[in-house]
Amino acid sequence: MYDHLVPPIVQQLTALEAVLGKAEAHCAEKEIDPAAVLGFRLYPDMLNFTRQVQLTCDFAVRSAYRLSGQEPPATPDTESDFAGLKVRVAKARGQVEGFKPEAFADAAGREITLKMRSGEQTFDGLRYLTHFALPNFYFHATTAFDILRHNGVVLGKRDFLGA
């Protein structure tokens, strides 16, 4: 479970840190108000760029904590600029990197119950990882990336993958 969670999340968060730097440089170079990009959303009913980055971090950290049998820490959503988002991503990456493989020894069978808008949902650890945690993590990471591409930030697949 460690191998399916921690290394891919660390890779993606490392890539996201670099992408945020490129987005910030793009705004400076093109004289674009960073607030315009930070508040941009792909469609009116979708969350904006800042929230997509925050949720990427939340899914990374909360997934690691839940799968290791721990209660995830609360993280306030206070970031209002690229610098703040970079700090949040770096902190999330550090938290996930801090987990050791043995923390996930019983994770596949661990019961995880989430309180959702529609009510409680219970997963075993493997199903939580494969059907909820990673899909949500990648959804928000991809949406953040797509918002930047839509706004002209020059990024490619290698930027997203961190390769």
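Author: Glu29 counts as exposed, at 61% relative accessibility; here exposed means over 50% relative accessible area, buried under 20%, and partly exposed in between, with a 1.4 Å probe and protein chains only. This is a predicted model, in which local features need pLDDT of at least 70 and side-chain atom pairs count only at pLDDT 80 or more, while totals for chains, interfaces and linings use all residues. Residues are numbered from 1 along each chain as its sequence is written, and side-chain values use heavy atoms, with hydrogens and water left out.

The part to follow is helix H1, residues 2-30. Helices are DSSP runs of H or I with at least four residues, strands are runs of E with at least two, and both are numbered from the N terminus. At 1.5 Å a residue, the 29 residues of H1 should span 42 Å, and its end C-alpha atoms agree with that at 41 Å apart. The expected span is 1.5 Å times one less than the number of residues in the helix.

Just after H1 comes Glu31, with a positive phi of about 55°. Most residues other than glycine have a negative phi, and Glu31 is a residue other than glycine with a positive value. Glu31 sits in the loop between H1 and helix H2 (34-38) and is exposed, at 74% relative accessibility.

Which helix does H1 run alongside, and at what angle? The axes of H1 and H5 come within 11 Å and cross at roughly 15°, which makes the two helices roughly parallel. Axes are lines fitted to C-alpha atoms, for helices over the stretch in contact, and angles run from 0 to 180 degrees between N-to-C directions. Angles under 35 degrees count as roughly parallel, over 145 as roughly antiparallel, 65 to 115 as roughly perpendicular, and the rest as oblique. The crossing of H1 and H5 is left-handed; that term applies if the near helix is turned anticlockwise from the far one by less than a right angle, and right-handed if clockwise. On the H1 side, the contact is made by His4, Leu5, Pro8, Ile9, Gln12, Leu13, Val19 and Ala23. Its H5 side consists of Leu129, Leu134, Phe137, Tyr138, Ala141, Phe145 and Leu148. Contact means heavy atoms within 4.5 Å.

Leaving aside neighbours within four places in sequence, Gln12 is in contact with Phe137, Tyr138, Ala141 and Phe160.

H5 (residues 125-150) also packs against H3, at an angle of about 160° and with axes 8 Å apart. H3 and H5 are therefore roughly antiparallel to each other, and their crossing is left-handed as well.

In one of them, the side chains of Asp159 and Lys22 meet at 2.7 Å, N to O. This pair links distant parts of the chain, since Asp159 lies in helix H6 (residues 157-161) and Lys22 in H1, 137 residues apart. Lys22 is partly exposed, with a relative accessible area of 37%.

Another salt bridge joins Glu24 and Lys86, at 2.5 Å, N to O. Glu24 belongs to H1 and Lys86 to helix H4, 62 residues apart, and this pair too links distant parts of the chain. Both partners are partly exposed: Glu24 has a relative accessible area of 32%, and Lys86 has 27%. Lys30 forms a salt bridge with Glu29, their closest N and O atoms being 3.8 Å apart. Elsewhere, salt bridges that share partners join Arg51, Asp58, Arg62, Asp77, Glu79 and Arg88 into one network.

Glu79 of that network is also a contact of Thr50, along with Leu38 and Leu85, when neighbours within four places in sequence are left aside. Thr50 is placed in helix H3 and is buried, with a relative accessible area of 10%. By contrast, Ser80 lies in the loop between H3 (49-67) and H4 (82-97), and at 61% relative accessibility it counts as exposed. The C-alpha atoms of Ser80 and Asp3 are separated by 33 Å, the two residues being 77 residues apart along the chain.

Notes:
A salt bridge is a side-chain nitrogen of Lys or Arg within 4 Å of a carboxyl oxygen of Asp or Glu.
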